[in-house]
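Dear colleague,

I am handing over the structure we discussed, followed by notes on what was found in it.

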Amino acid sequence: EYMGQYQVSTIDTSALEIKDMKQNATSVITVQRGDVSKFSITTRHVIVISSSCQCFIYPLELHAKSAVAIDLNRLPTLIVPSTSSFGLVYQSNSTISIYSFEGRKLSNFQCTSIQSRLLTNQATSLSSKTFAIIDIESNKSIQLFESKTGNKLRGWLSHITHEVSLSSISLCQNQIDNNQIIVYLDDKKDLFAAQIPLSYGSVSKAREHSFAIQKIGYQIDSFHLSHDSADIAAISTTSYHIFFDLEGMWFEKDLALLAKDTADLPSIGKNSRIVSMQSPYVLFLRDDGILLKEIVSPFHSIIRRLVRDENWEKALQLCRLSKSNSLWATCAGLALRHNNLQSLRSSLAALKLIDKVEFFDGLMSIE
């Protein structure tokens, strides 16, 4: 498995190798009791299940010397990782247990959708607030739970329905304006994103009893949400896309779709998949086992940081220096959501969206 600059793999029945691909250095984790039954990695931890019904939580670093140990009643079927916690899925009794990285059990609940033997990580996802799972029986529905309590989200928020069978889902690790974003891919290779209100107070009357769902891509073979932002990497045949303004899909979709970089990558080949996306790299794994690494532009993250600091002048200056349309579109989306009409106008003008410039000129003249 891969996470940022790290690769973790089994080298023996009771040992894992952690490789720092950036420093070209390795170290070994040896399980003291039993063999390695399964493992998973998060942005900062390695979770190892041993055949002796124990769970070990190691820091994701070279020469990790200590681990948190958890005694288990039985071996789990699946590990579901997130940046803030992890879940253990037990298909034998349809149970899911959520743990913190300190080894504290946060919740324990039952879900009938995990009874199928076909359950995979592509059918489940976990964030700090939400646990999501594809309903295996229909394959056209996503069930949603509160990860800290195990309760289903209330009423109509408990599930998302889709017209086509779903192949994979992923929850954004960062909540935006008290909304949880989930991205999912269906069997027609169409990519969608939905906003899940985490409190009824954030549900507008216009959206009552329905999710705000946006189609954001088509002919997508594989996608991966960034571990440290709301950016999305996606493969389409022999090219890949990076979506930099997922939040903007619910404000000005046409503008948000411009905040995307696309590049040809003929060496990807068929059946390749994205295994990690953590700034500044995206890792692609080909079906022949070869790992490809592409650099993601760091400027979009810098723009977001400058806007958080209300430094719009430097944000616009960075856009002018980069001459990137996707960066201008990202800046425009941020300006729209922060009601900075002057920066919005400058960004739209750079994108040559004259009709939108004239519209916002009218708004500014009224003010």
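Rings of Phe, Tyr and Trp, the last taken by its six-membered ring, count as a pair if their centres lie within 6.5 Å; planes over 60 degrees apart make the pair edge-to-face. By this rule there are 8 aromatic pairs in the structure, which is a predicted model.

One of the pairs joins Phe 109 and Phe 131, with 5.9 Å from centre to centre and 70° between the planes, hence edge-to-face. Phe 109 belongs to strand β12 (residues 105-110) and Phe 131 to strand β14; the two are 22 residues apart, and their pair links distant parts of the chain. Both Phe 109 and Phe 131 are buried. Elsewhere, ring pairs connect Phe 86, Tyr 99 and Phe 101 into a cluster.

Two arginines also sit over rings. The charged end of Arg 74 is placed over the ring of Tyr 90, at 5.7 Å from the ring centre. For Arg 337 the ring is that of Phe 251, and the distance to its centre is 5.6 Å.

In soluble globular proteins, nonpolar side chains tend to be buried together. Here the largest nonpolar core contains 29 residues, and Phe 131, Ile 142, Ile 160, Ile 182 and Tyr 184 have the most contacts inside it. At least two residues of this core come from each of β9 (78-81), β11 (95-99), β14 (130-134), β15 (141-146), β17 (166-171), β18 (179-186) and β19 (191-197). The biggest contribution is that of β14, with 4 residues. Leaving aside residues up to four places away in sequence, Ile 142 touches Ala 132, Ile 133, Ile 134, Ser 158, His 159, Ile 160, Leu 166, Ile 169, Ile 182 and Tyr 184. There is also a second, separate core of 24 residues, including Leu 255, Leu 334, Leu 353 and Val 357.

Last, one of the sheets. Strands of a sheet pair through backbone hydrogen bonds, either parallel or antiparallel. In this case 3 strands make an open sheet in the order β25-β26-β27, with antiparallel pairing. Which strands stand at the edges? They are β25 (273-278) and β27 (291-295); each has a single partner strand, so one side of each has no neighbour in the sheet. From one strand to the next, the twist averages 20°. Strand β26 (residues 281-285) pairs with β27 over 5 bridges, in the antiparallel sense. Within the sheet, Val 282 is opposite Glu 294 of β27.

Regards

Conventions: Residues numbered from 1 in each chain as written. Predicted model: local features only at pLDDT ≥ 70, side-chain atom pairs only at ≥ 80, totals over all residues. Heavy atoms only, no water. Core = buried A, V, L, I, M, F, W, Y, C linked by side-chain atoms within 4.5 Å. Buried < 20%, exposed > 50% of the residue type's maximum accessible area, 1.4 Å probe, protein only. Contact = heavy atoms within 4.5 Å. Phe/Tyr/Trp six-rings, centres within 6.5 Å; stacked < 30°, edge-to-face > 60°. Lys NZ or Arg CZ within 6 Å of the ring centre and 35° of its normal. Pairing = 2+ DSSP bridges. Axes fitted to C-alpha atoms, helices over the stretch in contact; angles between N-to-C directions.
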